[in-house]
Amino acid sequence: MIASQTAARKRAPIRPRTEPLRDWLDFASALVRKNAIKSDVVTSLQHIGQRKRNRLRELWELTELSAPAFADEVAGFYQLERIALPDMLAARALTSRFSRRFLREISAFPCVEEGRDETTIALCDPTETAGIRAAELVLRAPVQIRIASFEDMTTALSERAGEEGAPATDVETSSPQLSDDIENLRDLASGAPVVRAVNELLEQAAELRATDIHIEPHRTGMTVRMRIDGLLRIVSTRADLLPQAVISRVKILAGLNIAERRLPQDGAAHLRIARSQVDIRVATMPTPHGESAVIRLLPRDRGILDIPKLGFADADEKKVRGLLGLPHGMIVITGPTGSGKTTTLATMLTLLNETTRKILTIEDPIEYEIRGVHQSQVKPEIGLTFANALRAFVRQDPDVIMVGEVPMPRRPTSRFTRP
C-alpha cells in the first residue's frame, strides 16, 4: 500500500476529488420506490451496474421520466445543484482543453459560470468519478459539480464545444498528445492497472534494495531497469503497459506537469512503501520515443552509516578519521554514480556533528536529513545555486561547509599552438 504526500513545490498540483459518491444502485432503488421504474425491469439493474459507462443514461431510458425530471432526481439524490441549458450557454466554455470524444463519453461540459469565480463541470452522471478527477488534473483547479440533463448536455456540446481557443476536435483529427494525456489521466485517476503496476514496481525496488529505477521507452515498448549494488539490472514488466501511462503516473506522484513533455522536469515526493517511509526524487527527460524517467529511492529508515560499514580498508579508515580530526582543510570525494559519495559525506558529517560546531550544507537533492546540520536545497529557478549558496555560507560563521557538487571549471584556451 502506497500513500503519497507530494513534496511542496513552487506550483502545487491539484489533487483529484476523493469524496465518495453514493452507489448508483441506491439511486436506482430510490427510483423504484417512487414508481419511476416499472417493477418488471428491476432485474436489469444488476446488469447495468456492471458497466463502467452510460449507466445512468440506460437507467433513464428504463424510466418514464423526462430528461429534465430525471436530472432533477439525480441532483436531489446526490445533493448537487442543477444547471439549465441557458446557464450553460451563457457560461465561458472551457471545452477547448479537451477532445470532443472525451467530453461526449463522460457527458461533461467544463465552464466558468457568470457571476462565479470557480470552475464548474456540468455532468449528467455524477458517478463518473474518473472523468471528474481527470478534468481537475487537466484544468489544474478544483471544480464544482452541477447536474445537467442529457438533452441539455447534447445541445451545449454541439453549440459550444471548441470555443475559447483551438477547436476541440474528435480523436481522429486532434493532437495525439492531447488525446493520450486525457486517456492517461482518466486511467491514473480511477485506479487503473497502471497505478497498481507503478506501486508494484516501487515495492519491488524496495524489496531488492534498489537505489534507482530507470523507466526507458523505446520503439516497441519500454524497459525498466533498477540499480542494485551499483549495477543496472533489467526487471520484468507487463507487456501491455503504455510507457506514457507509467511516466504520467510517476509524474503525478512527484507533482510534475503531465502535459509538459518537451522539457526535463524534476520532482520529489514522500511515499509509504511496504511499511517503510521513502523519499523519492524523480527526473524526466524527453527522448525520441517519449519521456524517460529516473526515480531515486531514499529510505528514511536506513539511518546514517558508521565509517566501519563504508567498506574502507583499515589503513584508509585510519587516514579518514585523521583528516576529520584536523582543524582546517578540505576533503574532496569523487566517484561514479552509486559508488557511495553521498553516503560517505553524510557519515563524515555525522562524526563532525557536535553542538560546538555549526555545519552548513548545500545539496541537490537533500538525501540524508541530519539533525543539527543546517541543510539547504539547490533551487536554480530562484537563483539559489551552489556558487551563490557558498558565498552566503561564509557570512554565516560556519565551522564546516559541505558542497554537494563542485562544477568543473572550463579549461582555458591557449592563444598559442604547440608546434
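Author: Leaving aside neighbours within four places in sequence, I333 is in contact (heavy atoms within 4.5 Å) with K341, T344, L345 and M348. This is a predicted model, where local features need pLDDT of at least 70, side-chain atom pairs count only at pLDDT 80 or more, and totals for chains, interfaces and linings use all residues. Residues are numbered from 1 along each chain as its sequence is written, and side-chain values use heavy atoms, with hydrogens and water left out.

Reader: Where is I333 placed?

Author: I333 sits in the loop between helix 12 (314–324) and helix 13 (341–352). Helices here are DSSP runs of H or I with at least four residues, strands are runs of E with at least two, and both are numbered from the N terminus.

Reader: How far apart are I333 and L345 in sequence and in space?

Author: They are 12 residues apart in sequence and 8.0 Å apart in space, C-alpha to C-alpha.

Reader: Why is I333 called partly exposed?

Author: Buried means under 20% relative accessible area, exposed means over 50%, and partly exposed is in between, using a 1.4 Å probe and protein chains only. I333 has 26%, so it counts as partly exposed.

Reader: And what makes Q265 buried?

Author: Its relative accessible area is 12%, so Q265 is buried. Q265 lies in strand 10 (residues 265–273). Leaving aside neighbours within four places in sequence, its contacts include K251, L256, V282 and E291.

Reader: Why is I331 partly exposed?

Author: I331 has a relative accessible area of 37%, so I331 is partly exposed. Its place is also a loop, the one between helix 12 and helix 13.
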